[in-house]
Amino acid sequence: MDERVLGVEGGGTKTAWVLLHAGETVQVLEQGKLPPSNLRLTPPDRLRAMFSELPRDVDRAGVFLAGCVTDSDRRDLNTLCAAVWPRGRIVTGSDRDSGLGAALQDRDGIAVNAGTGSSVTGRRGERIERAGGWGHILGDIGGGYDLSLQALRLILREHDVHRGEDELAAEILRALSLNNFDELVRWAQVAEKMDIATLAPVIFAAAEAGNPRVRELLQTGANVLAQYTAAVADRVGLQRAEVRLLGGLFRCCAIYQAAFRAELRTMLADADVALAESTPEFGAAWLALRDEQRTAVVQPTAAAAAPELASAETEQTNPRSARLDQLSARELVE
C-alpha cells in the first residue's frame, strides 16, 4: 500500500485535519485546522467550501462530523465529499466515531471526551453504547462550556447574596475586558458557545488556586462524566474497561483529570484510565484505512516527527502539566 490518506474531524470548536502517507510506515505530510463544522447546522455549500480548502490529491478520506448520526446523514456527507474528492475512497460518520478510533482504534473500551462539550462512547465487539453529547443546551455536562456557564452563574449568585469582592468575578471581568456585572450580562446574552467556553482557563486557574466553590463545580462535572462512563461500561459489559481520555480539559488540566480518575475509581475500580495517544483527526484517518490495513495511526511525538513537523503545535510534548496561564483559551477547550 502506498496511499495518501486524509482524516477530518469536525465539531463545535474546530475542524481538524491531517494528511498521511500510508506505506510501510505512516508519515504525517500536512495538518491543520478550519472553523467548526456540523452536518446538521453548517450549510452544505459552506461545508463544500471548507473541504475544498483541504488537500485534493488523496486516495482515501475519512470525514467525521458532529451531527452525522443516521445512515441517511452518512450518505449525504459521503455524497458531499465525493464532489470534492471524486477519485478517493471515502468513509464518513460522526465525531464520536473518530474519537473512538483515536482513543482505541479497534480495541474494546470507552472514550471519554471533555473539550468544549463532552461525551462518553463505549464499545465491546459490535455493541456500542453512548452517554452525554446532547449539545450545550440540554447536555454536555463537564465540558468547557458547561463549566464556564456554571461559573458565571456562581459569581452572580455570590454577588446577589454577599455583595462582596470576589476574585473569580474580577478575573472573569478582566479576561473579557468588562467593567461590571451589567456589562457581563449584556455580553452573555449575545455570546456564542465558544465565547463562553473560552473562559475555561480562568475557571481552572481559580481551582488550582484553591477556590473551594470552583473546585466543587469541577468535582460535579467530573462526577457526572464518571457516572456516564460507569453506566456505559455496565451496558456493554466492561467492568475492567480500557478508558481513554480525549479533549483539552483532560489534556491540559491535571486537576480535572485527577478529579475524574478519583470519581471513576469509586464506581469502576478496575478501569485502566489513560490519555488517548492520538487526536480525533488521526482516528478519522485510521478509520479510512482500516478496511484493508490495520496499521497503527498514532500521532507522532516531536522526537519521532519529521524535522519540519517537530515545531508544530500538535507535535509537542503533551501540555497537561503546563501552567494554565501559558495556554490559550482555545488550546484548553479544543
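In which helix does alanine 175 lie?

1. Alanine 175 belongs to helix 5, residues 167–176. Helices here are DSSP runs of H or I with at least four residues, strands are E runs of at least two, and both are numbered from the N terminus. Before going further, please keep in mind that this is a predicted model, where local features need pLDDT of at least 70, side-chain atom pairs count only at pLDDT 80 or more, and totals for chains, interfaces and linings use all residues. Residues are numbered from 1 along each chain as its sequence is written, and side-chain values use heavy atoms, with hydrogens and water left out.

2. Staying with alanine 175, its relative accessible area of 47% makes this residue partly exposed (buried is under 20%, exposed over 50%, partly exposed in between, with a 1.4 Å probe and protein chains only). Once neighbours within four places in sequence are set aside, alanine 175 is in contact with Leu199 and Val202, contact being heavy atoms within 4.5 Å. Its C-alpha atom is 9.7 Å from that of threonine 198, a residue 23 places away along the chain.

3. Now to the charged pairs. A salt bridge is taken as a side-chain nitrogen of Lys or Arg within 4 Å of a carboxyl oxygen of Asp or Glu, and the model has 13 salt bridges by this rule. One of them joins arginine 4 to aspartate 57, with 3.8 Å between the closest N and O atoms. Arginine 4 sits in strand 1 (3–10) and aspartate 57 in the loop between helix 1 (44–51) and strand 4 (60–65), so the pair ties together parts 53 residues apart in sequence. Arginine 4 is partly exposed at 25%, whereas aspartate 57 is exposed at 53%.

4. Glutamate 158 pairs with arginine 213 in a salt bridge, the closest N and O atoms lying 3.1 Å apart. Because glutamate 158 is in helix 4 (144–162) and arginine 213 in helix 9 (212–236), this pair ties together parts that are 55 residues apart in sequence. Arginine 213 is partly exposed, at 30% relative accessibility.

5. Arginine 240 lies between helix 9 and strand 9 (242–246), and aspartate 270 between helix 11 (254–265) and strand 10 (272–275), so loops 30 residues apart in sequence are tied together. Arginine 240 is exposed at 70%, while aspartate 270 is partly exposed at 49%.

6. Finally, do look at the salt-bridge network that links Arg107, Glu242, Arg244 and Asp272.
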